[in-house]
Amino acid sequence: MEQLRKNKNKILIILIAIILIAGIAMIVIRGFNFELKYQNTQRVEMYLKQEFNVSDIKNITNEVLAGQTVMIQKVEVYEDMVAITSNQITDEQKTNLVQKINEKYGTELNADEIQIENIPHTRGRDIIKPYLIPFALATGIILVYVAIRYRKLGAVKVILKTAIILVVAEAVLASVIAITRLPIGKTTIPLAIAVYLLTLVCITSSLENKLKINAKKEEK
Amino acid sequence: MKKIKILTIILAIILISMVGFVGVYVKEQNRMENQVKDYSLLSNLSGERTVRLTVNKDSEEIIKDAEGNVVETEEELTDEQLAEKGYTKESVPNNSQEVLNVDNYNKTKEVIEKRLKRLGVQEYEITVDENTGDIILRLPENSNTDTIISNIYTVGKFEIVDSETEEVLINNDDIKDVSVMYGSTGTTASTGTSVYLQIEFNKEGTKKLETVSTTYSSNSVDSNTTETNTAETNSTNTNSTDANTTTENTTANESTDNTTNTENTAGTDDSSTTSEPKEVTLRIDDTEMMTTSFDEPMRTGKMQLTVGTSTTDTSTLNDNLNRASNIAAIIGEGNLPIEYDVTSNEYILTDITEQQVLYVLIAILIIASLGILVWIFRFKLMGLLSGFAYIGLAAIYLLIIRYTNVAISLEGAYGILVILILNYIFINMLLKKIKNQSKKPTKEEVNIAEKETFKEFFIKIVPICIAIVVFCFIQWTPISSFGMVMFWGIALIAIYNYIVTDSLLKIKADK
């Protein structure tokens, strides 16, 4: 039984190591894949003078900006203006967009009067920065708690183990994101929080079990 | 009797679920309106103000004489008149080519970020185009957004200059910190509260201030100067300190009376003055805020300026506080190295569509239904009752989030999902433990299972609770939203399951 557990642990460690190495390699070679909102993009805005369905605009962009990732947003409180964002919008594509929108909504937009705006990218570290202190602070207090609660298992050992597991778990997540080319964006932070909480539950469960086993051994 | 009890609880759950999930609709002005409070959504779920700041490319025309000195003229001179006088006209850009570089673009971004934090903006995104210097700023939409925008791109050049020679004596580089404080003023019946802007100077600035306040002291000019009236500079937002001022809650009141202000035009009212004291002018972005001289040398390195007039009116006081906070944010975090213009300022809605939200809700509904079906299959009637309890918790949870004004960010929305999962795990643990007790458990056995579940579950999530409490106090709304959502959720899991789920199971067990 003990041997089986050790073998399982070995397999898990090897698997984690492979994921981490592959992740690092991917980050070095290709970097992370960012969501369109955080990339260098171009945007055109058109005043339609009426409410519209995003799906209708999507149909138009599918034709004009075929194969490109596109973000469509409503602008202003009356939602009668559309912002179309993509990695690149050429003058020709802009003209086509205007033409098709004029046809669809009966507007008289002039392509020459519509500018293509350049939107600079957001740096990954700027996305993560606001979350570092909360997580560091929470982790610090949690480490103090585990050191006290599980002192019978060795305070220093427990602190190190907890800290390493938390860091490794987040590193594995980052590696998986890099390998799978999952875009970094609005789902990344919630995902990181979910992994963080799940890891905490797993660590506590494991430590509680060890505490129980120790107590039983002491009883014997 | 027990059937009635169970039915009553289930009916109550159904009622709450209808309120929580659907709402309470009342006809108002020929349309049905939901009387249940709406969710408060943060910008990543609703929309955000997007502002584009572009490097100012304007130029200013200046006239120089033959020796290259700048000539100030009221009237506009024609080319012929200029040539006649030997003057030349030059076009000077507001931002010289030397300042337009990546370092200054990034410094501008940093200063704007500091100002945003100072102005209490807890959710923003800022990006800078290192080629053009354009800055895109995304802010949450609220009643303060416009004021914030107007403050963040102000250059914020603070200067104390000699009134006559225009020599710059102190500038932003000499400032350590700027803070806002208030205190009651006046010793008579007409007391009020004054708002102060306290400018704290750094080591270098303190030395300069001491020198300046000694040089420009009204006492140092002439011993015959007997009286200097304190007057308000009403032309600016910042007014003088009063001679009778006493500050509460402050430690720097020793410097309050050190500045004596005079109206720009009126000058001082001297009974036997032989010469005027030298004066300094305080400017922010070349706008004159006040002209003043000093009563005595200022050695504390702190200078207090009263903002607005002393008042007892809360609204005026708040206005003064806001004004002072804005000035503090502008000059307290350094000046922008580059002059910017707002070229685009619009509210852009989130790219998360209603259809996407609907898909997520359907997915949650399907997973929850399957989970409850698993309970029914494994635990029979107890599983069914737990299913009802689970739905009830979700409904109450959504109501609590709405009525406790928890602003929901995308992270907060995930928090809701985490709570639903945790509650499922809790009930599942409880049902398993009850089943382990016996196939037909008694009330006592349910009690034992309940105690064990509570102990086991909450001990396991203590670290999560710690993280949540920390997140609640973080001044970054996406994460504090997650903390608040989770806090109410875990509190509800404990209270609701203790009262409702356990009651239902105990009634069933007793039966």
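Modeller: Let's start with handedness: a crossing is left-handed if the near helix is turned anticlockwise from the far one by less than a right angle, and right-handed if clockwise. This is a predicted model, where local features need pLDDT of at least 70, side-chain atom pairs count only at pLDDT 80 or more, and totals for chains, interfaces and linings use all residues. Residues are numbered from 1 along each chain as its sequence is written, with chains lettered from A and ligands numbered from 1 in the order in which they are written.

Biologist: Which hand does the crossing of H4(A) and H5(A) have?

Modeller: H4(A) passes H5(A) in a right-handed crossing. Their axes come within 8 Å and cross at roughly 145°, with axes being lines fitted to C-alpha atoms, for helices over the stretch in contact, and angles running from 0 to 180 degrees between N-to-C directions.

Biologist: What makes A:Leu143 part of the place where H4(A) and H5(A) meet?

Modeller: Two residues are in contact if their C-beta atoms, placed from the backbone, lie within 7 Å. A:Leu143 is among the H4(A) residues that meet H5(A), where the partners include A:Val158 and A:Ile159.

Biologist: How many residues does each chain bring to the contact?

Modeller: Chain A gives 34 residues and chain B gives 31. H6(A) gives the most to chain A's side, with ten residues.

Biologist: And B:Val485, which residues does it touch beyond its neighbours within four places in sequence?

Modeller: B:Val485 is in contact with B:Ile401, B:Val406, B:Ile408, B:Gly412, B:Gly415 and B:Ile416.

Terms used: Helix = DSSP H or I, 4+ residues; strand = E, 2+ residues; numbered from the N terminus.
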